[in-house]
Amino acid sequence: MKVGVIGAGFVGSTGAYAMVLQGAASEIVLIDINRKLAQAQAEDILHATPFGPSARIDVGDYPDLVGTQVVVLACGVAQKPGETRIQLLDRNVKVFQNVIPQVLKYAPEALLVVVSNPVDVLTHIVTRLANRPPGRVMGSGTILDTARFRALVGDTLGVTSHSVQAYVVGEHGDSEVLCWSSAQVGGLPIEDFAAQIQKPLTTDVKAKIDGDVRQAAARIIEGKQASYYGIGAGIARLVRALRDDERAVFTVSNGDVQLSGLPPVCLSLPRVVGSQGIISTLKPTLSFSENQALLKSAHFLESVILELGFK
């Protein structure tokens, strides 16, 4: 499968690298306003192909997107000192207003995957700009937060994260919601599993996991300036599910919320993903407090979108 990646910075290039290692794409086109950067990233990734699945890595421009089935949008600008969130968003909106028409011109049938932050607001804006069926546009949403949640629960309980079924929903950000009430390990409710192995999930243990999930990005950025390995692997895994029509469940961001009381904004819920994009949105089992937190998260995102004028 041919995949386009717009933006060859830390996240875009790591996503491309992970796609090569996972064999998620047979051809990748890197596009960046800084062509020298894109060229360097492509050459470096190419040198990894002898150690894994074969793939073609090209540097190009928008016309080279012809034939792509998925376009990953990792473009955007960084926040300036003293700049507000809305000012940053306003500048990134202008970037996407330039990028999306070009993508649609040369890859009109491609699935669009937004990974630039703030991902929920930008996914909402891309959906409006692209004027396409909502299921054909998705944001990476809380796939990384969900992975962090599963990894930390697994580490705490002494099991592989692959045996943990748990979701983070809502905004990819401070108002996200960890769904403890529906979390399972090995098919058992998480509280039952923890009790059986004599590692009870006390309020303090849950609070630590919650805090570690929420603060992960800040800790990583403080230590090495950016977070990109986790989301890079997540991008590759999502692209593989799209390529193979897996009908796998991911907490991607989309505007099809289907839950009573939620405003029509893009946020993350468990969604079935296949070759046509988002096939269906699932309603997770939430406690009263989790449901209230999800509503609060959704209304926060709505307030940002209204402030930008993109209702």
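## Gln41 and its surroundings

Let's start with a side-chain pairing: Gln41 and Ser13 make a polar contact through their side chains, at 3.2 Å. (A polar contact is a pair of N or O atoms within 3.5 Å; within protein, one must be able to donate a hydrogen and the other to accept it, and residues adjacent in sequence count only if both atoms are side-chain atoms.) This is a predicted model, where local features need pLDDT of at least 70 and side-chain atom pairs count only at pLDDT 80 or more, while totals for chains, interfaces and linings use all residues. Residues are numbered from 1 along each chain as its sequence is written, and side-chain values use heavy atoms, with hydrogens and water left out.

Gln41 sits in helix H2. (Helices, H or I with at least four residues, and strands, E with at least two, are DSSP runs numbered from the N terminus.) Setting aside neighbours within four places in sequence, Gln41 is in contact (heavy atoms within 4.5 Å) with Ala8, Gly9, Ser13 and Leu30.

## Thr49 in its loop

Thr49 belongs to the loop between helix H2 (35-46) and strand S3 (56-59). Its relative accessible area is 13%, so Thr49 counts as buried (under 20% relative accessible area, with a 1.4 Å probe and protein chains only).

The Thr49 side chain reaches the backbone oxygen of Leu46 at 2.6 Å. Not counting residues up to four places away in sequence, Thr49 touches Val20 and Ala55.

## A three-stranded sheet

Over to an open sheet: its three strands run in the order S7-S10-S11, with antiparallel pairing. Strands S7 (164-165) and S11 (188-189) are at the edges, each with a single partner strand, so one side of each has no neighbour in the sheet.

Two bridges join S10 (residues 184-185) to S11; strands pair if DSSP finds at least two bridges between them. Gln184 stands opposite Pro189 in S11.

Note on methods:
Buried < 20%, exposed > 50% of the residue type's maximum accessible area, 1.4 Å probe, protein only.
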